[in-house]
Amino acid sequence: MKILITGSNGFIAKNLIEHLKRDESVQLYLFSKKDSLNILESYVKEADFIFHLAGVNRPKEISEFYEGNSSLTKTIVGILKDNKKNTPILLSSSIQSNLDNDYGKSKLEAEKILIDYSKNTKAKIFIFKLPNVFGKWSKPNYNSVISTWCHNVTNNLDIQINDEKVELNLVYVDDVVKSFIKQLKIEEIKDYYVEIENKYKKTLGEIRDLLFAFKENRIGLVIPNVASGFERALYATYLSYLSTDNFSYVLNGHKDDRGTFYEILKTLDSGQFSLSTTAPGITRGNHYHHTKNEKFLVVHGEALIEFRHIVTNEIISYEVSDKKMEIVEMIPGYTHNIKNIGTEEMILILWANEKFDQNNPDTYFLEVRNDK
């Protein structure tokens, strides 16, 4: 399939292009404002589908709204009509097309041009009235508060907020792209207007708080819930604004004669991850928990893990090493320890089901073996 994308240097287009490039059956024709109308004409004649993403929203002159939004749309439709083609067109419009401003008016004109084109030629058209779109590669200090704030927070700059209760309607660029691509396979349209499935409503205060929580994660190690929904999308966006010399950060370890203990990551509701190093012959632990539970994974070296039931005194042991990735569960009601029985430093990854609470550690010293 031959696909034309106008506005190919834009934020949404860049993300769309990267998705479509993975499809070997697709041939892309990319048109940007630096290209001539002759090139546009040749591309329009070839295309089997047109993603019309070009637009103007920050012009120097008001007339540029209409030149970049409605006039360019009219030009594309004119080329198609002259060549007796009814190529499907997807238009990225804006919710502002409902408003009485020049940007909105120019977008509404573009919508009407496409609707008339569809009525006259039976061509399939798909109009997306997009709200605030956010995601990687959006230009800061342009038309997205999220991209501006991500840039500022990652670069230790102040952010401006007048009313934290102001609510934004938001869509994530990956959701936009997936919805765009889905239209390539639509056989019959039911409506000219198409909605993005995943939409979010968030206040400026909520967005600000999440961004600073992401930043604080490198210090306090607590990460918000970023596995799904808006938080997942915002965290991915935030990370994309980190400068290239700021992709890494150093963990602070707690060192003693046994080795070093590092806290890696703390979650809001699923515990924390840690790492410890242990010198040969050294034993760690000798404590039990009533409710707290842990998972141990030796990723380097050899270790002996021992348990003793705190009531029956039954002793159980496991020998583990980096030769077999084996997780051993620390069971409530068993005092336990881990000893480096190898000749090299032993490295252990630990997960605990709860963050460490100094005031309620649920950790009680009791030796597994008391042979004295």
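Rings of Phe, Tyr and Trp (its six-membered ring) pair if their centres lie within 6.5 Å; planes under 30 degrees apart count as stacked, over 60 as edge-to-face and the rest as tilted. That definition is used in the first points below.

This is a predicted model, in which local features need pLDDT of at least 70, side-chain atom pairs count only at pLDDT 80 or more, and totals for chains, interfaces and linings use all residues. Residues are numbered from 1 along each chain as its sequence is written, and side-chain values use heavy atoms, with hydrogens and water left out.

1. **Aromatic pairs.** The whole structure holds 14 aromatic pairs. One of them joins Phe49 and Phe51. The pair is tilted, at 4.9 Å centre to centre and 50° between the planes. Both Phe49 and Phe51 are buried. Buried means under 20% relative accessible area, exposed over 50%, and partly exposed in between (1.4 Å probe, protein chains only).

2. **Phe49 and Phe126.** These ring centres are 6.1 Å apart and the planes meet at 20°, so the pair is stacked. Phe49 sits in strand β3 (residues 49-52) and Phe126 in strand β5 (residues 125-130), so the pair ties together parts that are 77 residues apart in sequence. Helices (H or I, at least four residues) and strands (E, at least two) are DSSP runs, numbered from the N terminus. Phe49 has 3% relative accessibility and counts as buried. Phe126 is buried too, at 1%.

3. **The ring cluster.** Ring pairs link Phe49, Phe51, Phe126, Phe128 and Phe180 into a cluster. What does Phe180 touch, not counting residues up to four places away in sequence? The list is Ile12, Leu16, Phe51, Leu53, Leu90, Ser92, Phe128 and Leu130. Contact means heavy atoms within 4.5 Å.

4. **Nonpolar cores.** A nonpolar core is a set of buried Ala, Val, Leu, Ile, Met, Phe, Trp, Tyr and Cys residues joined through side-chain atoms within 4.5 Å. The largest one has 47 residues. Ile5, Phe51, Leu53, Phe180, Ile207, Leu211 and Phe230 touch the most other members. Helix α1 (residues 11-20) gives this core its largest share, six residues. A second, separate core has 23 residues, among them Val44, Ile79, Ile89 and Ile115.

5. **Ser97.** Where does Ser97 lie? Its place is the loop between β4 (89-94) and α4 (102-121). Ser97 is buried, with a relative accessible area of 4%. Its side chain makes a polar contact of 2.9 Å with the side chain of Glu111. A polar contact is a pair of N or O atoms within 3.5 Å; within protein, one must be able to donate a hydrogen and the other to accept it, and residues adjacent in sequence count only if both atoms are side-chain atoms. The side chain of Lys129 makes another polar contact with that of Ser97, at 2.2 Å. Leaving aside neighbours within four places in sequence, Ser97 is in contact with Gly104, Lys107, Leu108, Glu111 and Lys129.

6. **Charges over rings.** A charge sits over a ring if NZ of Lys or CZ of Arg is within 6 Å of the ring centre and within 35 degrees of the ring normal. Lys136 lies over the face of Trp137, 4.8 Å from the ring centre. The charged end of Lys139 sits over the ring of Tyr142, at 4.6 Å from its centre.

7. **Positive phi.** Most residues other than glycine have a negative phi. Leu221 has a positive phi, near 70°. Leu221 lies in the loop between α7 (204-220) and β9 (222-223), and is buried at 8% relative accessible area. Asn313 also has a positive phi, of about 70°. The loop here runs between β15 (302-309) and β16 (315-321). Asn313 is partly exposed, at 43%.

8. **An open sheet.** Five strands form an open sheet in the order β16-β15-β18-β13-β20, with antiparallel pairing. Two strands pair if DSSP finds at least two bridges between them. β16 and β20 (364-365) stand at the edges with a single partner strand each, so one side of each is left without a neighbour in the sheet. Strand β13 (residues 283-288) pairs with β20 in the antiparallel sense over two bridges. Tyr288 has Tyr364 in β20 as its bridge partner.

9. **Strand β1.** Four of the five residues of β1 (residues 2-6) are buried, so the strand is largely enclosed by the rest of the structure. β1 pairs in the parallel sense with strand β2 (residues 27-31), over five bridges. Lys2 stands opposite Gln27 in β2.
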